Amino acid sequence: MSNVEFIPPMINGVSASQVFLPTADASSPSCIFDYLCQQFPHIAAEEWQQRFQDQLIYDAQGNTLQLGSPYQGNVHIFYYRFLAHEIEVPFAHQILHETADLLVVDKPHFLTMSPTGQYVQQTLLVRLKKQTQNANLTPIHRLDRETAGVVLFSKRPETRGIYQQLFAERRVEKTYHAIARYDPNLIFPCTTRLRMEKGQPFYTMRVIDGEPNSETIIELLQQHGAWAKYQLKPQTGKQHQLRVHLNHLHIPIQYDPLYPQVQHKAADDFTQPLQLLAKEISFIDPISEQHMRFCSVFELTL
């Protein structure tokens, strides 16, 4: 047996997931298949059976595991996620810029960043991995599925942390555009500071009393009738921050499916994209020490 642990290959843009099998005891199942079914109850047993049949489950040495492979504790196994039925997102991304360390991408509306739930192939990360054949690609920051615009990916694990630190230390300037209601009583530019926390449903956020933990600088760019185009500069990075801030001002973003009210759309409904765009991102590159500025080619129009 080799001491070098198996590094599973990328298959069709999908990297393997890793699972650790705990020490075997009296309660341990007899086979790995049973353990996976117990550990991931949200995944149908038929799906695990199919993965074994398709030879998509490996041990730490790279041997293909079978449906009846006995359970062994204190080892890692690898498996690949594929969905039998996945709705195609009919919008394309665009690579804006590339360095030895970074991939700068323009994400379209409706495209989820990374595999989750009902999306694997139809995610920006898997599309990019297939396009570049770089299994090390990792998003440095994130955009909501509903939001379009500029997003950065790390190409090399060796420098990933340096760029992640830029965002953690708020040394990245992000500029968004949004179409939202026009209120003649609001005065711009303005700075909105609010305290936000998890809401109900769990995937939403809400505003509460207390010390602000979110801040956005808002400017009015254009106005036409009941609608206006705004420039938003978040100074913090709370989930749904821009959507919550504009909703709090009673000018919710056009076609927002969550604020002010949750409206469930069909997964294959690609009409009325959220009118929020990550238009520009700029920072001092920590490696080259050059000023970097990237702009989305997408535009929001009144």
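In this model, strand β7 pairs with strand β13 (residues 276-284) in the parallel sense over two bridges. The model is predicted, so to speak of local features a pLDDT of at least 70 is needed, side-chain atom pairs count only at pLDDT 80 or more, and totals for chains, interfaces and linings use all residues. Residues are numbered from 1 along each chain as its sequence is written, and side-chain values use heavy atoms, leaving out hydrogens and water.

- Helices (H or I, at least four residues) and strands (E, at least two) are DSSP runs, numbered from the N terminus, and two strands pair if DSSP finds at least two bridges between them.
- Seven of the seven residues of β7 (residues 148-154) are buried, so the strand is largely enclosed by the rest of the structure; buried means under 20% relative accessible area, with exposed over 50% and partly exposed in between (1.4 Å probe, protein chains only).
- On the β13 side, Ala148 stands opposite Leu277.
- Strand β5 (residues 102-107) pairs with β7 in the antiparallel sense over six bridges, and here Val105 faces Val151.
- Strand β6 (residues 138-139) also runs antiparallel to β7, joined to it by two bridges, with Thr138 and Ser154 as bridge partners.

**Nonpolar cores**

- A nonpolar core is a set of buried Ala, Val, Leu, Ile, Met, Phe, Trp, Tyr and Cys residues joined through side-chain atoms within 4.5 Å.
- The largest one has 31 residues, and those touching the most other members are Leu124, Phe153, Ile218, Tyr230, Leu232, Leu246 and Leu276.
- Two or more residues of this core come from each of β5, α3 (124-132), β7, β8 (173-181), β12 (227-234), α5 (241-248) and β13.
- A second, separate core has 16 residues, including Phe33, Phe40, Phe52 and Tyr79.
- Leaving aside residues up to four places away in sequence, Phe153 touches a number of residues, among them Val105, Met113, Leu124, Leu128 and Thr138; contact means heavy atoms within 4.5 Å.

**The cavity**

- Rolling a probe the size of a water molecule over the atoms shows where empty space is left.
- On a 1 Å grid over the protein atoms alone, a cavity is a set of points where a 1.4 Å probe fits but cannot get out, while a pocket is an open set with protein on both sides within 12 Å along at least five of seven lines; lining residues have an atom within 4 Å of a point.
- Grid points are joined across faces, edges and corners, and a volume is the space filled by probe spheres set on the points.
- The count comes to one cavity of 30 Å³ or more, and the largest cavity has a volume of about 40 Å³.
- β13 gives the most to the lining of this cavity, with four residues.

- The largest pocket has a volume of about 1200 Å³.
- Of its 42 lining residues, Asp144, Arg145, Glu146, His240 and Arg243 are the closest to its centre.
- α5 supplies the largest share of the lining of the largest pocket, three residues.
- The second largest pocket has a volume of about 220 Å³, and its lining includes Leu166, Phe167, Arg170 and Lys233.
- α4 (157-168), β8 and β12 each supply at least two residues of the lining of the second largest pocket.
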